[in-house]
Amino acid sequence: MLAAREFGVRILLVGQPQVVRAELTKHAAPNLPIEIVAASDVITMNDHPAQAFRRKKDSSVHVAARLVREAKADGMVSAGNTGAVMTVAKFLLGTLESVDRVALAAPFPNAKGGVSVLLDVGANVDSKPEHLVQFAVMGEVYYRATFGNRRPRVGLLSVGEEEIKGNELTASLHSAKEESRAFCRQCRRRRPFFRQRGRDRQRRIRWQHRAQDLRRLGLSNFGLLRRSINSSLVSQVGGMLSKGAFKALRKTIDYTEYGGAPLLGVRGVCVIGHGRSNANAVKNAIRVAAGLARAGMNEKIEQELSAAAVVA
């Protein structure tokens, strides 16, 4: 309802009609461009993704994916079972011709006041160097389409800056990085996919949890800050004077403002939200999906990867 009202986009709510209709009636949503599309099955958070894909053919995720595949919808958004959504999207929508592995991209605020994007954050367990190069291309295209930066820096997360550090995968990526530079020289591309040393400036980050957990950590720190401010009268006065700055900072690190993680590499737009998404998160996930569809992100990914394949 918030997305339909604020962004003017047409919404297809996929699910059990009686349940969805009851919610719409409860919130009084007349004259909004919202249509209910029936789906009889429900994939729970405890369902095994592969089993749910095979057995629950009329789930809301299946129906939504078919709507995108049949061009009846520009994109799909779900805050349900992440594994099931990825499985359904991958097999019903299919992958882009030049993509070997799909990837989840998670945006999060950085120390410079901007936004960084991390991928892959859950779609793959093991990857090869060529997959990471594809992730770099898809992530760069997504960043340009979403955040408007024409020259995003692309780096590789590792346990340290030095080339001798890291596992076999990160070490073997250096040859792929050189191929990226060769591609840039041959086709006069504006920059390599991996700029400079690839892993530089990431400063020994170990990624063990999804970006949503980083955002929740930031919000929990606000709880600690609030208790500190309320600890004395002087602190309370200082807190009142800084209220505006704290409010702006909270919005910056609030995961609901980023909506969800797009599943890059599938034929169609698919945005996956966190299981604890509230109304604001779902609204912004729809905003992200609509923006990616309008930007023609998949076409741009295909162009970049196809050009790289021709040069290679």
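User: Across which strands does helix α4 lie, and at about what angle does it run to β3?

Analyst: This is a predicted model, and the angle is computed from it. Helix α4 covers residues 60-69 and lies across β3 and β7, the latter being residues 269-272. Its direction relative to β3 is about 160 degrees.

User: How confident is the prediction for the protein chain, as given by its mean pLDDT?

Analyst: A pLDDT of 70 or more is reached by 71% of the residues. Over residues 182-193 the pLDDT is below 50, although this stretch has 35 contacts in the model beyond near neighbours in sequence. Residues 195-215 also have a pLDDT below 50, with 56 such contacts. For the chain, the mean pLDDT is 78.

User: What is the strand order of the open sheet?

Analyst: The open sheet has 5 strands with mixed pairing. At its edges stand β3 (75-78) and β5 (115-119); each has a single partner strand, so one side of each is left without a neighbour in the sheet. From one strand to the next the twist averages 25 degrees. The order is β3-β7-β6-β4-β5.

User: In which sense do β3 and β7 pair?

Analyst: The pairing of β3 with β7 extends over 4 bridges. The sense of the β3 and β7 pairing is parallel.

User: Is Ser78 buried or exposed?

Analyst: Ser78 touches Val61, Val85, Val271, Ile272 and Gly273, leaving out residues up to four places away in sequence. Its relative accessibility is 15%, and the limit for burial is under 20%. Ser78 therefore counts as buried.

User: Which residues of β7 point the opposite way from Val269 and Val271?

Analyst: Val269 and Val271 point one way from β7, and two further residues point the other way. All of these residues are buried. The two that point the other way are Cys270 and Ile272.

User: Which residue in the turn between β6 and β7 has a positive phi?

Analyst: Strands β6 and β7 run antiparallel and are joined by 2 bridges, with Pro262 opposite Val271 in β7. The two strands form a hairpin with 4 residues between them. In the turn, a positive phi of about 110 degrees belongs to Gly265.

User: Which residue in β6 stands opposite Leu104?

Analyst: Strand β4 (residues 103-109) is joined to strand β6 (residues 261-264) by 2 bridges, and the two run antiparallel. Opposite Leu104, the residue in β6 is Leu263.

User: Which strands does helix α6 touch?

Analyst: Helix α6 spans residues 129-147 and packs on the sheet. Its direction makes about 150 degrees with that of β5. The strands touched by helix α6 are β4, β5 and β6.

User: How is the pair of rings Phe53 and Phe91 classed?

Analyst: The pair links distant parts of the chain, with Phe53 in helix α3 (residues 49-55) and Phe91 in helix α5 (residues 82-93), 38 residues apart. Phe53 is buried at 17% relative accessible area, whereas Phe91 is exposed at 55%. The ring centres are 5.5 Å apart and the planes stand at 35 degrees, so the pair is tilted.

User: Which residue lies over the face of Phe53?

Analyst: Phe53 is one of the rings of a tilted pair. Over its face, at 4.8 Å from the ring centre, lies Lys57.

User: What is the class of the pair formed by Tyr142 and Phe147?

Analyst: Tyr142, Tyr143 and Phe147 form one aromatic cluster. Tyr142 is buried at 1% relative accessibility, while Phe147 is partly exposed at 31%. The centres of the Tyr142 and Phe147 rings are 6.1 Å apart and their planes stand at 80 degrees, so the pair is edge-to-face.

User: How far apart are the C-alpha atoms of Lys72 and Leu12?

Analyst: Lys72 is in the loop between α4 and β3, and at 53% relative accessibility this residue is exposed. Setting aside neighbours within four places in sequence, Lys72 is in contact with Arg10, Leu12 and Leu67. Lys72 and Leu12 are 60 residues apart along the chain, and their C-alpha atoms are separated by 9.5 Å.

Conventions. Residues are numbered from 1 along each chain as its sequence is written. This is a predicted model: local features need pLDDT of at least 70, side-chain atom pairs count only at pLDDT 80 or more; totals for chains, interfaces and linings use all residues. Side-chain values use heavy atoms; hydrogens and water are left out. pLDDT is the predictor's confidence in each residue, from 0 to 100. Contact means heavy atoms within 4.5 Å. Rings of Phe, Tyr and Trp (its six-membered ring) pair if their centres lie within 6.5 Å; planes under 30 degrees apart count as stacked, over 60 as edge-to-face and the rest as tilted. Buried means under 20% relative accessible area, exposed over 50%, partly exposed in between (1.4 Å probe, protein chains only). A charge sits over a ring if NZ of Lys or CZ of Arg is within 6 Å of the ring centre and within 35 degrees of the ring normal. Two strands pair if DSSP finds at least two bridges between them. Axes are lines fitted to C-alpha atoms, for helices over the stretch in contact, and angles run from 0 to 180 degrees between N-to-C directions.
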